[in-house]
Amino acid sequence: MNDVSRANFGLVIAFVIPGFIALWGLGNYEPALGDWLGSASVKSTSVGGFLYVMLAAIAAGLTISTFRWLTIDRLHHMTGVRPPVSDFSRLGERVEAFQVLLDGHYRFYQFYSNGLTALVFTYLSWRMTHAVTRTGDLWLDAGCLAVAIVFFLGSRDTLKKYYQRVEGLLNSGPSGRYGQDDN
């Protein structure tokens with residue numbers, strides 16, 4: 001059961017939460033969607049309604065992840081975060097260690113970068129449908145910018161650590177220690 005919970009947590013933070021943020025942004029263009037998402041706070045939700053929201057959030061999260069791949073991944077790579085040159089033939093007995101790296105670094109990278117992508121989408125959709133009418137909107141603008149910066153920096157740090165540790169794991173000798181010879 002522990003493994004199932006760990007796997008579910010990684011998928012929730014990588015795709016469902018950013019997908020829900022994107023759905024919230026789509027609610028600016030389709031009021032029925034905003035009402036549909038907001039109804040859970042007003043009345044109890046059916047199992048079918050919950051599953052429908054989850055499927056929509058997963059689909060939106062996967063779509064957001066594709067836009068992340070097109071933009072943020074490339075930006076990180078162009079600005080010095082290099083993917084590892086790894087020997088995946090060494091993965092065999094190190095699959096569990098590799099899974100730990102996925103769960104401990106890459107899923108968080110996906111959350112920060114997918115969250116950034118979803119935040120930018122939601123912010124722009126909100127900004128395009130609402131005129132600046134009060135000073136409070138400027139605080140919202142500043143808050144979104146601050147969260148975007150934190151997400152960007154977090155994504156860069158976790159991706160860099162993931163790449164470094166994967167390279168160390170897959171390019172090391174039999175002991176799994178980076179830099180050791182196979183002999």
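This is a predicted model: local features need pLDDT of at least 70, side-chain atom pairs count only at pLDDT 80 or more; totals for chains, interfaces and linings use all residues.
Me: Which side chain meets that of D73 in a salt bridge?
Reply: A salt bridge requires a side-chain nitrogen of Lys or Arg within 4 Å of a carboxyl oxygen of Asp or Glu. The whole structure holds four salt bridges. In one of them, at 3.0 Å from N to O, the partner of D73 is R68.

Me: How many residues apart in sequence are the parts that D141 and R127 tie together?
Reply: The side chains of D141 and R127 form a salt bridge, with 2.5 Å from N to O. Helices (H or I, at least four residues) and strands (E, at least two) are DSSP runs, numbered from the N terminus. Because D141 belongs to helix α5 and R127 to helix α4, the pair ties together parts whose separation in sequence is 14 residues.

Me: In which helix do K161 and D157 both lie?
Reply: K161 and D157 form a salt bridge, their closest N and O atoms being 3.1 Å apart. K161 is partly exposed at 31% relative accessibility, and D157 is partly exposed at 36%. The two residues are four residues apart, about one turn of the helix, and both lie in helix α5.

Me: Which helix gives the nonpolar patch its largest share?
Reply: Patches are made of residues with over 30% relative accessible area and no salt bridge, joining like charges within 9 Å and nonpolar side chains (Val, Leu, Ile, Met, Phe, Trp, Tyr) within 5 Å. Accessible areas come from the Shrake-Rupley method with a 1.4 Å probe, and for residues only the protein chains shown count as cover. On the surface, L26, Y29, V120, F121, L124 and M128 make up a nonpolar patch with about 560 Å² of accessible area together. Four residues, the largest share, come from helix α4.

Me: What angle lies between the planes of F9 and F108?
Reply: Rings of Phe, Tyr and Trp (its six-membered ring) pair if their centres lie within 6.5 Å; planes under 30 degrees apart count as stacked, over 60 as edge-to-face and the rest as tilted. By this rule there are nine aromatic pairs. The pair of F9 and F108 is tilted, with 6.2 Å centre to centre and a plane angle of 55°.

Me: Where does F108 lie?
Reply: F9 is in helix α1 (residues 2-26), so its pair with F108 ties together parts 99 residues apart in sequence. F108 is partly exposed at 27% relative accessibility. The element holding F108 is helix α4.

Me: Is F151 buried or exposed?
Reply: The rings of Y112 and F151 form a tilted pair, with centres 6.3 Å apart and planes at 40°. This pair links distant parts of the chain, Y112 being in helix α4 and F151 in helix α5 (residues 135-170). With a relative accessible area of 15%, F151 is buried.

Note on methods: Residues are numbered from 1 along each chain as its sequence is written. Side-chain values use heavy atoms; hydrogens and water are left out. Buried means under 20% relative accessible area, exposed over 50%, partly exposed in between (1.4 Å probe, protein chains only).
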